Amino acid sequence: MGLFNRICTAIFDVLLAPFGHGRPWFDLVLWPLVGGILALLVIKAVSNQAGITRAKNFIQVHLLEVVLFRDDLRTVLPATVKSLGYNVLYLGYNIVPMVIMFVPMTAILVQLVSNYAYAPLPVGSTALVVAKLDADVGGVTPADVKLDLPEGVSLDAPPVRTPDGEVAWRLRLDAPGDHVLTLHAGAATETKTLAVGGEPRKVSVLRTKSWEALLYPAEAVPSAESPFEEISIQARKDQAMPFFPDGESGILGWFFGVSLLAGFLLKDLFGVTL
Amino acid sequence: MAPRTRLPVPYAFAVAYLLAPAIAQAYIGPGAGFAFAGSLAVMVAAFALAIGTILLWPFTFIIRTIRVGNPYKRAQARRVIVMGLDGMDPGLTTKFLREGKLPNLQKLAEKGVFRALDTSNPSMSPVAWSTFATGVDPSRHGIFDFITRDPCTYAPILSSTDIKNAERVLNIGKYIVPLGKPKIELLQKSEAFWKVLGEKHIPSIIQRVPITFPPVKFRGLLLSGMCVPDLRGSQGTFSFFSTANNEGKAAFTGGEQTVLRRKGNVIRSRIVGPDNSMVRDGGRMTLPFTLTVGKDKVDISIDGGESFELKHRTYSEWIHLSFKAAPGVYVAGIARFYLSSVEPDVNLYMTPIHIDPESPAMPISHPEVYSVYLAKRFGPFATLGLAEDTWALNERVIDEGAFFDQAMAFCDEREKLFFDAVAHTREGLVTTVFDTTDRVQHMFYRYLDPTHPANRDKEATAYADAIPRVYAHMDAMIGKLLAEVGDDAVVMVMSDHGFTNFRRGVNLNTWLFREGYLALKDGHTVSGDWFEHVDWSRTQAFSMGLTGLFINRKGREKEGIVADAEYPALVKELCAKLEALVDPENGKPAIRKAVAAFEAFDGPYVFEAPDVLVGYEGGYRHSWTCATGSVTTEVFEDNTKSWSGDHCVDPSIVPGVFFCNRKIAVEKPHIQDIPFSILSLFGHTPPKQMQGRMLFAAPGQEGTVGGPLDPRSLPQSGSAPGALIFPEGADA
């Protein structure tokens, strides 16, 4: 997981570099477009195109049957059921390309989210940092967890420790910079970056051991022996594209819409039935 | 405590899809998006349609009940199925019944009835089927022939349809954008009986009945038949691609040839499509293709379209042809290809380009999506009115085998459409017309007559069983129908006319010229097509179409010279002379009866009728040159074309057939009785204009006319030896 993240991040750091974070629209147009084309190629290569065509055709047949014979309920009801049945079949034909596309599409999307979904927190604001201990590692309690603050960040309130292994700190962000927070639990130490002020840039909101690390690749995955299961920071969502929600859901929606549009517009060019 | 926003987890994908589709789909990627967007739309549409239909059904039921009550309250039948077999001949049917080739029709006759069905005058499909549709004679529905003359120009025009371009257009540079649809008008007058049924809320599915283009709106479904044009707007223009002729393009009747230039094994050529009305001086749209010659096959690749392999002496499937009219505007058609030879010359035949039923360039069904539904359900199918390409065989571009295969393939397509209609009509009317019987008899009748002039330069035995095969094929279909519908439905099998021999052609324009009724311009003794050299200022009468003779009347024709006062006498004089016309080859009369329209008809459109309807004896018909308005050197000529059987003779010679699974109450049924009877069977009083009679007995009573037809009652005038029911020496 860690290796995969490092490779993807290294590749995308290069690919996303030309226009940088100042002009996110370029990457947010290019990569959904690439995603749409990639999807078309995969669908063409691995899907049962004849089956998809047939299933779509029969869906249309039975919908038209409902329209044409609407006075006859003995036709309408079976036709409705059949159209839904073929709909399930149509979805079935799309499972293989969906599975194949899952990895590259997720990789692209995660990198876009990682780079463009969040903004550094503003100077003078407060931020909540939460550390969760790994119950499987053991030997450490919330009372053992300590936080070293770098210059430019101060404690706004005493930490809160919960019985289920979480510790939370409210920090005051006094100066801009990519600050490194150091967390101690017994002999173990982990770090977490905290982006404050300055130009838009890649922001990491979560370090985790779980599979979710695939979705937050900006920082290294904690080692298996680390007592920390995850360390998170309150995110400040950025609005990457106008008219779209801020944060990851905006990027998700945009990526979905543009890649879908690209696919539908280019399907004939690629000779693909969707 | 979780201050950050977490992304959805993949293993919860299905749930997430339902709750937050955009997020879930995006994480799987656009592939899933394509699938789910489409599926979601389908689900929404299906549920909306189903729920809407179910919710609306009680209201429509109440409205129907208030308006018409129970539409079947007085019905003797709730389901009527009419299977129209165009041109099925009672004589040949009887012959094949006696030979045991038609077991299902035999059962039908024994259980119900088989009689000859009197037909319209003239006895041709557009006229007879119009009478079937409306229940009135031609002077009331206004269709007297396939074509008539434009009285302003004497040029031929279709009798049934008038097509005009959109009246208003927007000119943008070289493009002409129509602001509205082309105006397509059905010229058939009166009212189809299925429209009357629709008003009574009795559903109908009408398929391929001639003269139903453009489709007229009514409460039911209709697929147009005869007179639907091809994509080029003609009644069928085939294409013939050949490396044989190096002199450039050659024209055929009903088709055109493109000369192929071969470079090694590769040939580039193009398919000629319809006129491009969206571009000023756009000419015809074309579709380039590459043909690669192989061993006993060719590979054809249409630019921007389909690629397919075509083996020697086989047909392709329907190939979609998409002609680009303007940016983003395409006109869709379908055609089938047939490779008749590969070496030494490549000879490739392409059917006329049919309107694509899945994306119709013109309305060919009502509602328009009906043809879309049929095409999606059963695949592309022939839509051209005269789909079976008789001219390609007449011109010997294809041979009998290719024609027969084509006709049977189209028949199979229609069988699927027909049984779909039957399956969807638990109550109401289904009417489907199959043309195969007519076309095959036209083209294979010579096989029944060893001395037929058309046999002289052709083989005359290989397809001797073509006509019985088609009859048997239809019989099997009838068996399937009877098994499917049971006894509750009233099943009628009928034809619009029968068939007889066509050995000799008669050019009445030449006869009129010789008799002094038709004048040619000075210096001419013959005339080309469409009265090229006719002097209208001195012409009293002319012939156009397949049975009609027109008087050049003052006040009707542009250069008419016959005054109203002279008209009746002239018509009677012509009728008498025509009935005395003798074929010099055998000394026998060629015309049984010539009828004055003003005596035969009394409907409101008699003024539009041919003034004389020529009823030939069996074996005769208008010659090919007469039909196209030519004046030639001979009145009589042998018919040497493959089109060797016909029915454009005196109607008494070519009645149709009428089978029904119920007995009837009328000994000599007429085609106009059928719509009258169907309306009556459903318990509704036919409209006053209908001229037919009720064929069936009153409710609760059994018909007295039933069983097989007495074959001795049938006319056998001009029948070929192979069509005679009682060949010489046989026991009747």
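Colleague: How much area is buried between domain 1 of chain A and domain 2 of chain A?

Modeller: The size of an interface is often given as the accessible area lost when the parts come together. Here about 960 Å² is buried between domain 1 of chain A and domain 2 of chain A, with 54% of that from carbon and sulfur atoms. Buried area is the accessible area (1.4 Å probe) that two parts lose on being put together, summed over both. Keep in mind that this is a predicted model, where local features need pLDDT of at least 70, side-chain atom pairs count only at pLDDT 80 or more, and totals for chains, interfaces and linings use all residues. Residues are numbered from 1 along each chain as its sequence is written, chains are lettered from A and ligands numbered from 1 in the order in which they are written, and side-chain values use heavy atoms, with hydrogens and water left out.

Colleague: Which residues make up the two domains of chain A?

Modeller: Domain 1 of chain A covers 2-117 + 245-270, and domain 2 covers 129-236; the bounds come from an automatic or database domain assignment. Each domain of chain A gives twelve residues to the contact (heavy atoms within 4.5 Å).

Colleague: Which residues form a salt bridge?

Modeller: The rule asks for a side-chain nitrogen of Lys or Arg within 4 Å of a carboxyl oxygen of Asp or Glu. It finds one salt bridge across the interface of domain 1 of chain A and domain 2 of chain A. A:Asp13 pairs with A:Lys202, their closest N and O atoms being 2.8 Å apart. On the domain 1 side of chain A, the elements giving two or more residues are α1 (2-15) and α5 (95-116). Helices (H or I, at least four residues) and strands (E, at least two) are DSSP runs, numbered from the N terminus.

Colleague: Why is helix α12 of chain B described as largely enclosed?

Modeller: Buried means under 20% relative accessible area, exposed over 50%, and partly exposed in between (1.4 Å probe, protein chains only). Nine of the nine residues of α12 (residues 436-444) of chain B are buried, so the rest of the structure largely encloses this helix. Among them are B:Arg439 and B:Phe444.

Colleague: Where in chain B is B:Arg208, and what is its phi?

Modeller: B:Arg208 sits in strand β9 (residues 204-209) of chain B, and its phi is near 60 degrees, a positive value in a residue other than glycine. B:Arg208 is buried, at 1% relative accessibility.

Colleague: Which peptide bond to B:Pro344 is cis?

Modeller: The bond from B:Glu343 to B:Pro344, with omega near 0 degrees. B:Pro344 belongs to the loop between β21 (337-341) and β22 (347-350) of chain B.
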